[in-house]
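Open the structure in your viewer and get ready to select residues by number. Each stop says what to pick and what to look for.

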Amino acid sequence: APPAPPKGPPPPPPQPEVWRLQSKAALRRKCLERPHICAVALLDSYSDTLDADRAVLDDVLAEHAGATGAFTITWIDPIEQEAFMRPFGFGQIAASDLPRLMVLSDKRRFFNQYVGAFTADKINAYLHKLRRGGVKVQPLPDNVDLVASFADEKGAPAEPDDDADADAD
């Protein structure tokens with residue numbers, strides 16, 4: 001007999017690049033709706049170190065992302081996303097506080113702040129430990145709506161079906 005077809009929806013396609021989240025639609029589609037835990041780097045988009053910080057994320061993506069990986073690798077400018085950052089305990093973020101990293105899962109309602117050096121080796125070790133259950137995570141409060149608190153940034157690129165998303169709400 002032929003093998004049974006896999007149950008559930010097909011896995012998402014591999015992540016081709018580190019995604020910057022700049023709109024509610026991007027947050028939903030590229031982070032919250034994917035089956036992976038979403039790693040969100042907090043980067044200053046005006047920093048002289050932005051290219052180096054993004055290169056670290058490229059190395060992390062190469063290690064962890066893809067259809068079989070446990071993580072989606074993204075980044076935001078937290079200064080643009082102050083309301084979104086509040087539930088995660090960051091408070092007022094200054095450019096001097098960056099770069100940082102957190103992980104979150106809307107489906108499993110948890111988050112965690114990574115504390116350590118912003119290097120691929122250290123972040124990869126943290127993500128491996130998290131995946132094995134070796135990192136204590138904090139519950140995401142029930143009253144936190146991640147999409148509602150996310151700001152659509154001026155000049156954000158349009159996401160596919162943005163108009164359809166707006167009509168569906």
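The tour of this predicted model goes through its nonpolar cores and then its aromatic pairs.

**Stop 1: the largest core.** Select L57, I73, L101, V103, F118, I123 and L127. These residues have the most contacts inside the largest nonpolar core, which has 25 residues.

**Stop 2: another core.** Pick L21, V40, L42 and L104. They are among the 23 residues of another core, which lies apart from the largest one.

**Stop 3: around L127.** Which residues does L127 touch, not counting those up to four places away in sequence? Select V60, H64, F71, I73 and V103 to see them.

**Stop 4: aromatic pairs.** The count comes to four aromatic pairs. Begin with F88 and F111, an edge-to-face pair at 5.1 Å centre to centre, with 75° between the planes. F88 sits in the loop between helix 3 (82-85) and strand 4, while F111 is in strand 5, 23 residues apart. Both F88 and F111 are buried.

Next, select Y114 and Y126. This pair is tilted: 4.9 Å centre to centre, 55° between the planes.

**Last stop: a cluster.** Together, F84, F88, F111 and F150 form one aromatic cluster.

Conventions:
Residues are numbered from 1 along each chain as its sequence is written. This is a predicted model: local features need pLDDT of at least 70, side-chain atom pairs count only at pLDDT 80 or more; totals for chains, interfaces and linings use all residues. Side-chain values use heavy atoms; hydrogens and water are left out. A nonpolar core is a set of buried Ala, Val, Leu, Ile, Met, Phe, Trp, Tyr and Cys residues joined through side-chain atoms within 4.5 Å. Buried means under 20% relative accessible area, exposed over 50%, partly exposed in between (1.4 Å probe, protein chains only). Contact means heavy atoms within 4.5 Å. Rings of Phe, Tyr and Trp (its six-membered ring) pair if their centres lie within 6.5 Å; planes under 30 degrees apart count as stacked, over 60 as edge-to-face and the rest as tilted. Helices (H or I, at least four residues) and strands (E, at least two) are DSSP runs, numbered from the N terminus.
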